[in-house]
Amino acid sequence: ELIGKSKVIDEIRKTISKIARTDTTLLITGETGTGKELITKIIHQESTRSKRPPVVVSCGAIPHNLLESELFGHEKGSFTGAYKQHKGKFEIAQGGIIFLDEIGDLPLHLQVKILRAIEQKEIDRIGGKTPIHIDVRIIAASNKNLEDEIKQGNFRKDLFYRLSVTTIYIPPLRERPEDIEVLSKYFLGQTNRSYQRKFIGFTKTAMEAMMHHPWPGNVRELIHRIERAVIMGTGQQLNENDLGLVLIKAEEPTTLKELKENLEKESTTQALMRNYWNITHTSKELGITPKTLRALIKRYSITKTY
Ligand SMILES: Nc1ncnc2c1ncn2[C@@H]1O[C@H](COP(=O)(O)OP(=O)(O)O)[C@@H](O)[C@H]1O
Ligand SMILES: [Mg+2]
């Protein structure tokens, strides 16, 4: 279920019900933890293809040299180590839905093959002699801005247009504060149940701290903070400490040094989350060396929240 009372979430619900029972290709964009996979699951349930489980491919998590075989399969003997025939995810998804997560991480030569899979409804196993017809609905997701990736030459324009026949953009949680309250209450209820606790809500300061927090990990981070709070909390209501948050008021006098450190910690944390804690990618994005990045992680005791 998609929780939220913001206008955007309302619009997204409407879009979902319009497209769920069609076979249109869909592109979902939004930062990590905003609900891209959840939306895919909802569409899958409401679709005409719900009998088969959705097949998920995390394009960013699979090494490039294995990705082609993972997606399209290979024939026995088609390369060193191909001891037997292997079915790719497209074939496994036959008659159902394939969810291509982090499609922005797909290397260009495979983008061409995805385009062909969409346009001709055909794929080739590596080393295969005849193309295989596929009947698969494609839902793709990206936490990168694909238009920027196109400008940098990392993503094909034609594939982008083909994928974005319909699009859903989920804004980051910090841009829809109206959702923070309903989401936090919803997840408090759920977490109370699973830990058999009875917290009745959040203190006023805790709610205010949640409103001011930038939520680099979005709803996923919210869920984890609430879980932690339910485990650690002692009062009737959860406070900002239980949530691991501090309320920083803009009016409070702060030294430049503190401001700089806060910014440094926050930017580093956000970049790490965006890059799934990949040190090479994160340091590149921040324009620092991996060694400096490691030093920052240590200095600010930045930890993975999920
Ligand atoms: N609007 C929402 N309502 C309810 N749960 C949500 C919402 N958005 C995200 N979630 C939950 O947050 C977690 C992260 O969402 P997920 O779909 O995995 O994000 P993404 O794929 O964008 O990284 C999941 O447990 C998901 O169910
Ligand atoms: Mg995801």
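Ser6 counts as buried because its relative accessibility is 1%, where buried means under 20% relative accessible area, exposed over 50% and partly exposed in between (1.4 Å probe, protein chains only). Ser6 sits in the segment before helix 1. Beyond its neighbours within four places in sequence, Ser6 touches Arg176, Glu178 and Asp179, a contact being heavy atoms within 4.5 Å.

The model is a predicted one, in which local features need pLDDT of at least 70 and side-chain atom pairs count only at pLDDT 80 or more, while totals for chains, interfaces and linings use all residues. Residues are numbered from 1 along each chain as its sequence is written, chains are lettered from A and ligands numbered from 1 in the order in which they are written, and side-chain values use heavy atoms, with hydrogens and water left out.

The protein has 13 helices and 11 strands; these are DSSP runs numbered from the N terminus, helices being H or I with at least four residues and strands E with at least two. Of its 306 residues, 45% are buried. The C-alpha trace spans about 70 × 45 × 35 Å along the principal axes.

Helix 1 covers residues 7–19. Its 13 residues should span 18 Å at 1.5 Å a residue, and the end C-alpha atoms are 19 Å apart, which agrees; the expected span is 1.5 Å times one less than the number of residues. Ile9, Ile12, Ile16 and Ile19 are the buried residues of helix 1. Viewed down the axis of helix 1, they fall within an arc of 95 degrees, so they line one face; the arc is taken from the directions from the helix axis to the C-beta atoms. An α-helix has 3.6 residues a turn, so residues three or four places apart point the same way. The face turned away from the buried side carries exposed Lys7, Ser17 and Lys18. Cover for the buried residues of helix 1 includes strand 1 (26–29), helix 2, strand 8 (137–142), strand 9 (166–169) and helix 8.

Helix 2 also takes part in the largest pocket, giving the most to its lining with five residues. This pocket holds about 1400 Å³ of space. A pocket here is an open set of points on a 1 Å grid over the protein atoms alone, where a 1.4 Å probe fits, with protein on both sides within 12 Å along at least five of seven lines; lining residues have an atom within 4 Å of a point. Grid points are joined across faces, edges and corners, and the volume is the space filled by probe spheres set on them. Among the 49 lining residues, Thr32, Lys36, Glu102, Asn143 and Tyr276 are the closest to the centre of the largest pocket.
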